[in-house]
Amino acid sequence: MSSKEKEFYEENGYLLLENIFTNEEADFFNKCMRRHANQSFAAIMNPDRYDFLLDQDARPKSDITLSEVEETSSLARSILKDKRMVDILHKFHHSKNLIGVGSQFIFKEAYSDYASQAWRPHQDNFYPKTKNSSYVTLNWFLRDADEENGTIYCYPGSHKYGLLPAEDNISFRETVGVNPGSECEIPDELKDKKTNIIVPANSIVLLNGNCIHGSYSNNSNRSRPWYSCCYVSEGAEYVVGKNSKRIEIALDT
């Protein structure tokens, strides 16, 4: 970690870190996740938890191999706790003691029902509602991401404004054609600072939970899978959530 990277993150509320994982790791994880997807390639909540993944597995019950569910959930959990991920947290987050609280896999599969999904500008911390910027996500892009295939954008510096007024919109397996995200108010002085984040495959985008961001539709023939791992400072209070059902996950291996 360079001092410039830390300064950039503290000033802007996000940071792109390249070449964290390998193509082989991405291909294998993507292959594991896809076998559980439904025909629409809807997002999968908490694939790192066996019971969640089993419940969301779209295959007929007679076709589900429990060993595959175990393999995928164990792999997803190992990524959330991976030393590379934990090292990033320790280097950039203001709290050195963190715990995992959940994860989500978003396929953004080309030509799928959810390819048109474009997240409205929102703050991830709207959902757990932690204080003092305790909530942070590490987002692994398994493939290259640009505006054409649905990359994310953000409003640099928006994390400094705390939680902003927002709509309480459905943000998980919403009706096809409806854009998710509990859209928040964007301060006037930030409206012209919208920044697209162009992400090389296997990079991590570190996001402060209060950084306003959203995403574009996938209008290409390229899928844009990503795995979002969520963390809070140890001891922080947070909302468990109806869909997320956040739990404390120790990061020590």
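In which strand does cysteine 154 lie? Cysteine 154 belongs to strand β5, residues 152-154. Strands are DSSP runs of E, at least two residues, numbered from the N terminus. The model is predicted, so local features need pLDDT of at least 70 and side-chain atom pairs pLDDT 80 or more, while totals for chains, interfaces and linings use all residues. Residues are numbered from 1 along each chain as its sequence is written, and side-chain values use heavy atoms, leaving out hydrogens and water.

Strand β5 is part of an open sheet of three strands, in the order β6-β5-β8, with antiparallel pairing. Pairing requires at least two bridges found by DSSP between two strands. The edge strands, β6 (195-196) and β8 (213-215), each pair on one side only. Two bridges link β5 and β6. Within β6, threonine 195 stands opposite cysteine 154.

Cysteine 154 is buried, at 0% relative accessibility. Buried denotes under 20% relative accessible area, with a 1.4 Å probe and protein chains only. Beyond neighbours within four places in sequence, contacts of cysteine 154 include Tyr14, Lys193, Cys211 and His213. Contact means heavy atoms within 4.5 Å. The C-alpha atoms of cysteine 154 and histidine 213 are 4.0 Å apart, although 59 residues separate them along the chain.

The structure contains zero disulfides. A disulfide is defined as a pair of cysteine sulfur atoms within 2.5 Å. For cysteine 184, the closest cysteine sulfur is that of cysteine 211, at 9.8 Å, too far for a bond. Cysteine 229 is also in no disulfide; its nearest cysteine sulfur, in cysteine 230, is 7.1 Å away. Cysteine 184 is buried at 6% relative accessibility, and cysteine 229 is buried at 0%.

Terms used
Buried means under 20% relative accessible area, exposed over 50%, partly exposed in between (1.4 Å probe, protein chains only). Helices (H or I, at least four residues) and strands (E, at least two) are DSSP runs, numbered from the N terminus.
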